[in-house]
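The sequence and structure come first.

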Amino acid sequence: MNLLKMTGITKHYPGTVALDNVDFRLDEGEIVSLLGENGAGKTTLMKVLYGMTRPDAGVIEYKGEKKDIKKPSDAIEMGICMVHQHFMLVPAFTVTENIVVGSEPHNGVVFDKKKAREEVDDLIRKFHFNIDPDALVENLSVGEQQRVEILKALYRKADVIILDEPTAVLTPKEVEELFEILRQLNREKKSFIIITHKLKETMALASRVVVLRDGKITASDFNPAEVTVEILSEMMVGRKIDLGVRHAAKQIGGVSLEVSNLRLMVDGKKKLNNVSFKVHKGEILGIAGIEGNGQSELIKSLTGCIKPDSMELFLEGDSVSGSARTFLKKGIAHVPEDRLKQGLVGPMSIEKNLILGYHTEPDFNNKGFLKSSVIKNYGQQLKEKFLIKAPTTETEASTLSGGNQQKIVIARAFSRDPQALIIANPTRGVDIGAIEYIHQQMLMLRDTGKAILLISPDLDEVRTLSDRILVLYEGNIVSESLPGELSEIELGILMTGGKAQKGETA
Ligand SMILES: Nc1ncnc2c1ncn2[C@@H]1O[C@H](COP(=O)(O)OP(=O)(O)OP(=O)(O)O)[C@@H](O)[C@H]1O
Ligand SMILES: [Mg+2]
C-alpha cells in the first residue's frame, strides 16, 4: 500500500506554473530521489506536502486517508518532517534543547529537563548518532547540525523525512556518514524523499527516482541501479551532459594575481597564516579544503570585503587595496560563497541584481541616474545566456529557485570582463545542465587569458577544473600539486590535516 499519495497537485505563482497536475507517491521503506532542473518545482512540491505552501488543486492521502495539511505542525503530527537546506536550529541552545523545542516533555506545567535529556540520550544511542546532547549547536560542524535536524525529526516520531539538498553543504566524509545514518534508519522502516542535484548520490542511495521537469513529472518509476548517470541526466534536462572531463589549459601566461603575506587573526585565532600564491593568466588555480579552514576569510580578503592584518596584493603588477568596490573596478570579480547572504538583494529585481556593485559605472549610470532601458536590455541578454528561469527580468530575486539565484550571481561576475575572478562554490545547488554551462564559461574565461581562483569544497569540481591545486588547512597552504598528481583520497587526507605522500595509494 502507498504510505503517501499526492494526486493532481497544481500550484501557480504569478507568471509561473510551479506544479502542473503532479502525481507523487511514496511507499513504506522507500528512499525516493527527487530530481529535476533548477526551478522544476521540487521544493514547491515538498513544501505542499509539509504544509508550508497551499496548492491550488490536488489531493493528499496518507496511510489511505485523505488529509488537509494546512501547516507544518499538521504534517509533523501525521509523521512527516522536513529538513531544510538552511537549517533552522537555535545556535545558543544545546543539542537537547534544539531537539525537543516545540514538543517538550512536561512534568505538570513545567518543562521536564531531565526527561528531555534522557529521551534525547536514548534516541542518540538507539540510532548510534555520534553527538553530544549537551553541546551547544553553535559549536557543531555543519554535518553535526544536520544530524541534530534528523534527530529532531526522529524525536517527533517521523516515518517520512524529507531532505532538501542535504549534501550541498557537507564534506565528502560527512556525506558518507549521513548516508550511513539514512541507510540504517531505512532498515528501521523510515522512508525518505531526497532532493539532490548530485546524481552520484542518487545512484548510491535511492531505491527509486522521480524526475520533475517544468512542474510536470517526467519519470516516476526508475530504479537507479538499472540506469546510468548519463541516462538520468538526460531525463532531467533532455540532452546529453558532458561533465567531469578535464580540459587542460591552452596557454598559461605570466602572473596575473599575486598575493603574499596574507595574515589574519580573528578572536585571537590564526585564520590565515602567511598565505602566498600566484595565479597566472590563462590558469585556474583550485583551492581545496574543508569549509572553515580559512576559505571565507581568504575570499573576503582577496575581494576587499575585509581588511586582513597584512596582505600584499597585485593584479597585473598593480597594487590593489581599498574597498570592495575598488577591487571590482580594478578587475577582480567575485562570486561569493553564500549567495543568499552576500550575493543577492532578495527584494530587488533580477536586472538590478545583475548590475549590483557595477551600478555606478558609466555603462549603467548617467550622472547619478540609472539607465533603465540599458539595464533592462543587459538583464534580458544575461537572463537568456545564463538560462535564468523567471517570468521577467523585473521578477524579484527572492522568488527564484535556489539554483536560479546562483545563476544571477555567476552571470554578473562573468559579464564585466574581469582580469581575475575569485569564484567560490560556483555550482552549489545548480542543476547539471547549469553546472556544465558554468564550467564551460569558466574554461572560456580562462582560455582568453584571465586568472581564475576557484575555491570549492567539491573535490570533483576542483579536480576537473583546476590547472594547479592548493590545499588549505587551518589557514595554511599545506600542499601544491598538478591535476592527477594526487588522488581524491590523498587530497582528502591533506584536507583533514593528514600527511599524504605523493603517489601514496590508500
Ligand atoms: N514564493 C514564490 N513566489 C513566486 N514564484 C515562486 C515562489 N516559490 C517558487 N516559485 C517559482 O516556482 C518555480 C519552482 O520553484 P522551486 O523552488 O520549487 O524549484 P526547485 O525545483 O526546488 O529548484 P532548485 O533546484 O533551483 O532549488 C520556480 O520557477 C520559482 O521561481
Ligand atoms: Mg529547491
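How many Å apart do the C-alpha centres of domain 1 and domain 2 lie? The distance between these two centres is 32 Å. The model is predicted, and the values below are computed from it.

**Overall fold**
- The protein's secondary structure consists of 17 helices and 24 strands.
- Its radius of gyration is 24 Å, close to the 23 Å that the globule rule gives for 506 residues, so the protein is as compact as a globular protein of that length.
- The C-alpha trace spans about 70 × 50 × 50 Å along its principal axes.

- In the domain assignment, domain 1 covers 2–237, while domain 2 is given as 255–347 + 417–495.
- Domain 1 puts eleven residues into the contact, and domain 2 also puts in eleven residues.
- On the side of domain 1 that touches domain 2, the largest share comes from helix H8 (residues 229–237), with three residues.
- That side of domain 1 is made up of five nonpolar, four polar and two charged residues.

**Helix pair H14 and H15**
- Helix H15 (residues 432–447) packs with H14 at an angle of about 10°, and the two axes are 12 Å apart.
- Angles under 35 degrees count as roughly parallel, and H14 and H15 are therefore roughly parallel to each other.
- H14 contributes Gly403, Lys407, Ile410 and Phe414 to the contact, and H15 contributes Ala434, Ile438, Gln441 and Leu445.
- By class, five nonpolar, two polar and one charged residues form this contact of H14 with H15.

**Shell around ligand 1**
- Ligand 1 is surrounded by 19 residues, of which Asn38, Thr43, Thr44, Ser401 and Gly403 are the closest.
- Three elements each supply at least two residues of the shell: strand E2 (16–27), helix H1 (42–49) and helix H14 (402–414).
- The shell's composition by class is four nonpolar, twelve polar and three charged residues.

Key
Residues numbered from 1 in each chain as written. Chains lettered and ligands numbered in written order. Predicted model: local features only at pLDDT ≥ 70, side-chain atom pairs only at ≥ 80, totals over all residues. Near = placed C-beta within 6 Å. Helix = DSSP H or I, 4+ residues; strand = E, 2+ residues; numbered from the N terminus. Nonpolar A, V, L, I, M, F, W, Y, C, P; charged D, E, K, R; others polar. Domains from an automatic or database assignment. Contact = placed C-beta atoms within 7 Å. Axes fitted to C-alpha atoms, helices over the stretch in contact; angles between N-to-C directions. Parallel < 35°, antiparallel > 145°, perpendicular 65-115°, else oblique. Rg over C-alpha atoms; globule rule 2.2 N^0.38 Å.
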